[in-house]
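Subject: Structure handover

Hello,

Here is the structure I promised you. Please open it and keep it beside this email while you read.

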Amino acid sequence: MNNEEVSHEQSLVVHDLGHAAHVHHHKQSFITKYIFSQDHKIISRQFLITGIIWALIGGLFSVIFRLQLGYPDSTFPFLQDLLGHWAPGGKLDPEFYYALVTMHGTILVFFVLTAGLSGTFANFLIPLQVGARDMASPFLNMLSYWFFFSASIVMFCSLFLQTGPASGGWTIYPPLSALGDAMSGSKTGMDMWLASMGLFIISQLLAGLNYITTILNMRTKGMSMTRLPLTIWSLFFTAVLGVLSFPVLLSAVVLLLFDRHLGTSFFLSDIVIGGKILPNEGGSPILFQHLFWFLGHPEVYIIALPAMGITSEVISVNSRKPIFGYMAMVGSFFAIAALSFMVWAHHMFVTGLNPFLGSFFVLLTLLIAVPSAIKVFNWLTTLWKGSIRFTPGMLFAIGFVSLFISGGLTGIWLGNSSLDIHLHDTYFVVAHFHLVMGVASMFGMFAGVYHWFPKMFGRYMNNTLSYIHFWITIAGAYCIFWPMHYEGLAGMPRRYYDFSNWESFKMFGGLNEFISVVALIVFATQLLFIFNFFYSIFKGRKVTTPNPWGATTLEWTTPIRPGHGNWISEIPEVYRWPYDYGKDGRDFIPQTEPVGENENRH
Amino acid sequence: MTDFFLIAIIVLFFLIIFQISKASEYVSVLKGEEKSRRQNNKVNGFFMIAFLVAGLIGVWYCNKLYYPKTLFPQGAASAEGKNIDTMLWITIAVTGAVFFATQILLFWFSFRYQESDKKKPLYFTHSNKLELIWTGIPAIVLTVLVVFGLKYWFQFTSAAPKGSQLIEITGHQFGWEIRYPGKDGMLGRKYYKLTDPAKNNPLGVDWADAASHDDIHVTTTMHVVVNRPVKLVINSQDVIHDVGLPAFRMKMDAVPGTPTTMWFTPIYTTAQMKEKTGNPDFTYEIACDQLCGKGHFGMRGVIIVETQAEFDAYMATQKPEYYKAFPELDPDKKPASDSTAKTVAQNIKK
């Protein structure tokens, strides 16, 4: 750090000191404290709780469509009570089945695993772990939540439309999504989907710019980039991915709106639908897929990277051992982030993509397996000869590694175009991405919630409930998704409402029933988590020590319930990397402790 | 009433779990938190190894149950699909080895290195040698996979071999239209604005192109000849569909406005496949693999693979679509009157 920066930092500290001193006198109303709050810790809780509500809705949708898949011949009268004309006589309408599938994907990918995961932990951890009083711009930070909130409201309202919410899949490929005549969900539901996504993208850009700025400019004295915890590195690369790729989705959203309402032909050509001959010529639906996946692929890393960062941190703390290969971990984050921009067309091997072009995407896609392998081996080596404490957070971090291996390896199958020809759009893909980015990232999120809950709310969650939650969820996740690989190998297509008329696929009826039952159990177990979460906020065991896990990072140097400004006195100075566990016979050495004279440099 | 009881039972069940959990928390406070934490640690450590064992048994059992139901015991039904199967086995060998090795290490380490007073954790921050090993080996293995994959990829995305049977397949909500080129081996030109089902022209064929006059159009069922490469020209009339042929290991999107192609060589007739699979109802099905609307799951087509003689016999029963549009020109029927012939001629000129 050069002198200029230091002096700047000092003046900031002085300013912030005054600010922090004010906090305790300044009376805030309920609205400014909990609703339109500019405190990053409150905003992170807002993201988390909104994310939990969305996860509940998205999960419930999956239970409903799993009922149809597991019991295609049965009727469920309560569905009619719940869904009205979408489930006449208790039998789910195919159109609404697709709406549920679409909303499940949209909600989980964007609202839960993007906003709920990186929104929560970037907001919570960045200022606390880099040593800052708040984000670079607390106001933009607040705006980012409220844009997300309005996106949520628009999406939520679309669920109640007479013609139903968007139902063309979360990837909303035109022409299906562009033409109201193609599907009733492509009428007003799709407009609201696009509007909601527009708001969501704005929210993500505001948030991302803020995260990047804070990490680059607001680190405390001594906190060089190589002394950042891996959580911060992962959130940094996540934010960079978001800022570079979300605008491309926005362009796709805008062009699709033009095609829908202004008569343009960006994505439409040679269409006869419902007996009508459309005038559009010369557009290409494939162009949309390029734009969509240019976001869509980085998006899966926007989901996965924070989970990897959290896992690295939690595994190191609870193994009482430094993370193995810190620089290799940072390097592999960088490699994954960079490569994720150059692999998008592997979602499009069977669209008629030029095979020669496709071959580059095969190469680059399989290259991502190298940094991913490095990460897995480094986590394993971190566990090796550790002293492992199975806190709930640690259990979920270990679960993350297991699921990431299982789901990641099948990526090597799908990324290879010649295998993808057979496996594309089958249940194999469903199994792959649910394991590697769906369930694995949920596990990363759970690990983070359990690990930082004491810091967020000053209380602990109930351990027994957490253990039940973990063991049922990991066993259930494997029971649900592992057998789906076999369905996919048989070529069973995803997004089918009913397989009973297909000679090639109907033999999996019994398996589908089994999967549905397990899905129901796993969903019920998540209710246990949600109950545990809210109950513990108010009634959990109180935290009595500022550093309950014995961690080295800065967030545990704040008071048990930090106010706005985080540290009461001066922001602590940092002297070492965040992974000095078990060094020189000591359990852990906080980052704030100066390096001793006889101490080895790592 | 049953609904009510069901809900009551579920709520009760949750309450019981909650009470037990709360009680265990109180017990741990009474017993000393550190002591109960260590006990919990042992329990979870044991679960780690138990989960590994149960998981490995589960993987074996799942394979035993479901492998026979996939299409792999019989092998692919196309010459190109055989290569895909080879590729698949190579990939399974590589990823399977990594899967078992890493999962076993993960859960074994978790169990083996659980907290204990006897040993201190090792301060081990990095090792360039190890990092090099697990960067280098995956890179080499992946290169091998890429080389094999691309070799096959270029093989079946190259131009279809000469003498392939040309067939056009067009998707629409929610069905498949098949068009054979007739004796001239050429498909007649199409323009979507000519589409007019009322005038027996549901595909929008341009009758001014003479190549269209012997084209045969049928719905849903495609007949192909065994051991002869088939080249499909794939179209869509409305939204994106996908011609999915699981038994042949082939798949290609049908994109409105952008025709795509795909070729493969079927090696077993439908009859042979019925014997091979032991399923008298076996059918080569065309499954739409790209979400296309509410009827997506019912968008089914059929391929019948047969001998050349059977195929020729089938073709002999089919009439060119041109004569469906203009029955008066059909040489099999009695000659049309002069006036209709004139209007037809005018129509063609337009």
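Predicted model: local features only at pLDDT ≥ 70, side-chain atom pairs only at ≥ 80, totals over all residues.

**Chain B overall**

Chain B has eight helices and ten strands. How does its radius of gyration compare with that of a compact globule of 350 residues? The globule would come near 20 Å, while chain B has 31 Å. The box filled by its C-alpha atoms, taken along the principal axes, is roughly 105 × 65 × 40 Å.

Of the 350 residues in chain B, 35% are buried. Now take the contacts between residues at least 6 apart in sequence. In 67% of them, the two residues are at least 24 apart.

**Strand β1 of chain B**

Find residues 165-172, which form strand β1. Is this strand mostly covered or mostly exposed? Mostly covered: six of its eight residues are buried.

β1(B) pairs with two strands, β5(B) and β2(B). Look at each in turn.

- β5(B) spans residues 230-236. Its pairing with β1(B) is parallel and has seven bridges.
- β2(B) spans residues 175-180. It runs antiparallel to β1(B), and five bridges join them. Here B:I169 has B:I178 as its bridge partner.

Then follow β1(B) across to its parallel partner, β5(B).

Best wishes

How values were computed
Residues numbered from 1 in each chain as written. Chains lettered and ligands numbered in written order. Helix = DSSP H or I, 4+ residues; strand = E, 2+ residues; numbered from the N terminus. Rg over C-alpha atoms; globule rule 2.2 N^0.38 Å. Buried ≥ 20, exposed ≤ 12 C-beta atoms within 10 Å, placed from the backbone. Contact = placed C-beta atoms within 7 Å. Pairing = 2+ DSSP bridges.
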